Structure formats: C-alpha cells, structure tokens
Amino acid sequence: MKKGEKPYADDYISYLENFERFDEIPAYAKKTNYAQYVENLANYLEQFFKNTKPLNDHSKLFEEFDAKFESDWEKGMIPGWEDEIKKVRAEQADEESKVLY
C-alpha cells in the first residue's frame, strides 16, 4: 500500500478478502482509531464464533489460539512484527545485562 492510498476497501467483498492482513496496513494508517477497530473486530469475531458454534469448547480453543500466538511470537514468526520482536529482544537482553553488572 502506497502513502496516500486508502487503507480500507471500497466495497464489502474487498474488505472481507483483505481484513485479516494487518501486517500490510502501513503505520501511517494505524493512528487514533486503529487499536479500537482491531479490538472491536476481535470481540465481534469471538462473539460470532460463539453464536455460530455453540457446542464447541470455546475456552479450550481460545487457549490454543493464545498458546500458538505465544509460540509464534517466541520464534519471531508473526508477520509484520519481525522488527518489533527484534527490538523487544534487544531491550530484554540490555536489561538482563544491566542486572548482571
């Protein structure tokens, strides 16, 4: 996505085809309302899943999602977050070295 290009779809079908590509949305488009949008989207999808699959063990499934995310984060495999993961690890290593001295 180029600067000045709209970070959203013109129609609903385009939105549905692209809404999960969070790593492709440029930083300039992730300003004031973006975090709220992502939180609302997550809440909506979770409720939708619970309503459409009422017999599933939702707690277990969401725990599995969280465990997979944590594992992928530790491996540095979250698309679009590679630089942030490196930064966090560098900060942690810096903090650990300060504790040792």
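Of the chain's 101 residues, 8% count as buried, where buried means under 20% relative accessible area, exposed over 50% and partly exposed in between (1.4 Å probe, protein chains only). The model is predicted, so local features need pLDDT of at least 70 and side-chain atom pairs count only at pLDDT 80 or more, while totals for chains, interfaces and linings use all residues. Residues are numbered from 1 along each chain as its sequence is written, and side-chain values use heavy atoms, with hydrogens and water left out.

The chain has 4 helices and 0 strands, and its elements run α-α-α-α from the N terminus on. Helices (H or I, at least four residues) and strands (E, at least two) are DSSP runs, numbered from the N terminus. The accessible surface of the chain comes to about 8700 Å², and 55% of this belongs to carbon and sulfur atoms; the areas come from the Shrake-Rupley method with a 1.4 Å probe, and for residues only the protein chains shown count as cover. Among contacts in the chain with a separation of 6 or more, 21% are between residues 24 or more positions apart, a contact being heavy atoms within 4.5 Å.

A search of the whole structure finds 5 aromatic pairs. Tyr34 and Tyr37 form one that is tilted, with 6.2 Å centre to centre and 40 degrees between the planes. Rings of Phe, Tyr and Trp (its six-membered ring) pair if their centres lie within 6.5 Å; planes under 30 degrees apart count as stacked, over 60 as edge-to-face and the rest as tilted. Both tyrosines lie in helix α2 (residues 34–52), 3 residues apart, about one turn of the helix. Tyr34 is buried at 17% relative accessible area, whereas Tyr37 is partly exposed at 30%.

In the pair Tyr44 and Phe48, the ring centres are 6.2 Å apart and the planes are at 25 degrees, so this pair is stacked. Tyr44 and Phe48 also both lie in helix α2, 4 residues apart, about one turn of the helix. Phe49, Phe62 and Phe65 form one aromatic cluster.

Asp72 is found in helix α3 (residues 58–75). Leaving aside neighbours within four places in sequence, Asp72 is in contact with Met77 and Ile78.

The table gives relative accessible areas.

| Residue | Relative accessible area | Class |
|---|---|---|
| Tyr44 | 52% | exposed |
| Phe48 | 46% | partly exposed |
| Asp72 | 14% | buried |
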